[in-house]
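Take a look at the protein below. This report walks through its strands, its helices and its ring pairs.

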Amino acid sequence: MATAGPRAHRASRESRSPHVTPGRGGAGREDGGGGDKMAVCIAVIAKENYPLYIRSVPTENELKFHYTVHTSLDVVDEKISAMGKALVDQRELYLGLLYPTEDYKVYGYVTNSKVKFVMVVDSSNTALRDNEIRSMFRKLHNSYTDIMCNPFYNPGDRIHSRSFDNMVNSMMMQVC
């Protein structure tokens with residue numbers, strides 16, 4: 001009888017678990033709340049300042065975003081040289097807001113191997129906080145690290161990865 005008690009308790013717990021929805025509700029709130037907190041352009045720039053990957057939404061502004069990313073590289077280089085040894089000592093890879101424009105805010109991040117990530121966010125999105133941008137860059141860096149660990153990827157080649165595309169798409173603003 002004592003062994004049936006815990007089994008019965010476990011069975012009743014298992015039968016209840018599909019009906020309890022705190023996990024699903026939390027995920028729904030995260031997804032729903034994050035819809036407007038996304039980037040409009042994400043770029044990965046090689047150490048030698050040529051693009052390894054660049055993606056923008058909407059596509060009709062693609063050339064404008066390419067120009068924005070290209071001009072931000074000067075600001076990235078300035079910030080890296082200004083930090084100098086502090087960047088290496090503190091392991092602070094996030095560069096913060098590079099510069100705001102009338103329509104967009106441009107953020108930067110640099111890896112230990114001097115690969116740069118540039119993210120352009122709509123200026124009208126005032127709800128986006130600095131720690132959320134950091135988190136997005138960390139996800140981007142982790143995904144980039146996964147690509148670098150692929151034995152079939154040659155460092156310095158353009159990035160052609162379905163998993164990387166999917167991760168970037170999840171960060172991009174969904175245009176309805």
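In this predicted model, Gly108 has Val118 in β5 as its bridge partner. That bridge belongs to a strand pair. β4 and β5 (residues 116-122) run antiparallel and share 7 bridges.

**The sheet**

Now step back to the whole sheet. The 5 strands form an open sheet, ordered β2-β1-β5-β4-β3. Their pairing is antiparallel. Which strands sit at the edges? They are β2 (51-56) and β3 (94-100), and each pairs on one side only. On average, neighbouring strands are turned by 15° against each other, with direction ignored.

**Helices on the sheet**

Helix α5 packs on this sheet. α5 touches β1 (39-45), β2, β3, β4 and β5. The direction of α5 makes about 140° with that of β5. Helix α6 (residues 162-171) lies across β1 and β2. α6 runs at about 40° to β2.

**The overall plan**

How many helices and strands does the protein have? The count is 6 helices and 5 strands. Along the sequence they follow the pattern α-α-β-β-α-α-β-β-β-α-α. Of the 176 residues, 37% are buried. Take the contacts between residues at least 6 apart in sequence: 56% of them join residues at least 24 apart. The accessible surface comes to about 11,000 Å². Carbon and sulfur atoms account for 53% of that surface.

**Aromatic pairs**

The whole structure holds 6 aromatic pairs. The table shows two of them.

| Pair | Arrangement | Centre to centre | Angle between planes |
|---|---|---|---|
| Phe65 and Tyr104 | edge-to-face | 5.1 Å | 70° |
| Tyr109 and Phe137 | stacked | 5.3 Å | 15° |

Start with Phe65 and Tyr104. Phe65 lies in helix α3 (residues 62-83) and Tyr104 in strand β4 (residues 104-110), so this pair ties together parts that are 39 residues apart in sequence. Are these two residues buried or exposed? Phe65 is buried, and Tyr104 is too.

Next come Tyr109 and Phe137. Tyr109 is in strand β4 and Phe137 is in helix α5 (residues 130-148), so the pair ties together parts that are 28 residues apart in sequence. Tyr109 and Phe137 are both buried.

Tyr109 and Phe137 also belong to a cluster.

Key. Residues are numbered from 1 along each chain as its sequence is written. This is a predicted model: local features need pLDDT of at least 70, side-chain atom pairs count only at pLDDT 80 or more; totals for chains, interfaces and linings use all residues. Side-chain values use heavy atoms; hydrogens and water are left out. Helices (H or I, at least four residues) and strands (E, at least two) are DSSP runs, numbered from the N terminus. Buried means under 20% relative accessible area, exposed over 50%, partly exposed in between (1.4 Å probe, protein chains only). Contact means heavy atoms within 4.5 Å. Accessible areas come from the Shrake-Rupley method with a 1.4 Å probe; for residues, only the protein chains shown count as cover. Rings of Phe, Tyr and Trp (its six-membered ring) pair if their centres lie within 6.5 Å; planes under 30 degrees apart count as stacked, over 60 as edge-to-face and the rest as tilted. Two strands pair if DSSP finds at least two bridges between them. Axes are lines fitted to C-alpha atoms, for helices over the stretch in contact, and angles run from 0 to 180 degrees between N-to-C directions.
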